[in-house]
Amino acid sequence: MSTPTVAPEATRATFQTLEDKPTGNGMDVNLDVILDVPVTLSMEVGRARVPIRNLLQLNQGSVIELERAAGEPLNVYANGTLIAHGEVVVVNEKFGIRLTDVVSPAERIRKLK
């Protein structure tokens, strides 16, 4: 006969909260717990709606007209949420974007709802 095995005592997991950094006026938000979370940034030059008939006729050299006018700022998204507007720049022979307007955190939260 085999002896039944006894599971070791389970311990409760503890996690650091966002609001555990005391300050003089109460609790402050501790952003250290999320600072290393990766975020995908994307820039949108413009959009276009084309019927499938026209899409199937595209080939090398075709031009698709975008809704955004030349010179207008690009939209900058973080994980699909608009966070800023900017303009294209070249840095060390690579494309970059210079932010010209940053959407306020309050405005970002309002657009999520």
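Which residue stands opposite Glu87 in β6? It's Arg98, and I'll get back to that pair in a moment.

First, a word on what we're looking at. This is a predicted model, where local features need pLDDT of at least 70, side-chain atom pairs count only at pLDDT 80 or more, and totals for chains, interfaces and linings use all residues. Residues are numbered from 1 along each chain as its sequence is written, and side-chain values use heavy atoms, with hydrogens and water left out.

So, confidence. pLDDT is the predictor's own confidence in each residue, from 0 to 100. The chain averages 83, and 79% of the residues score at least 70. Among the elements, helix α1 (residues 52–56) has the highest mean, 95, while strand β1 (residues 21–23) has the lowest, 54.

On to the layout. We have two helices and six strands, in the order β-β-β-α-β-β-β-α from the N terminus. Those are DSSP runs numbered from the N terminus: helices are H or I with at least four residues, strands are E with at least two.

Now back to our pair. Strands β5 (residues 81–91) and β6 (residues 94–102) run antiparallel, joined by eight bridges; for two strands to pair, DSSP has to find at least two bridges between them. Their hairpin has two residues between the strands, and Asn92 takes a positive phi near 50° there.

Last, burial. Of the 113 residues, 12% count as buried, meaning under 20% relative accessible area with a 1.4 Å probe, protein chains only. And for contacts (heavy atoms within 4.5 Å) between residues at least 6 apart in sequence, 26% join residues at least 24 apart.

How values were computed
Buried < 20%, exposed > 50% of the residue type's maximum accessible area, 1.4 Å probe, protein only.
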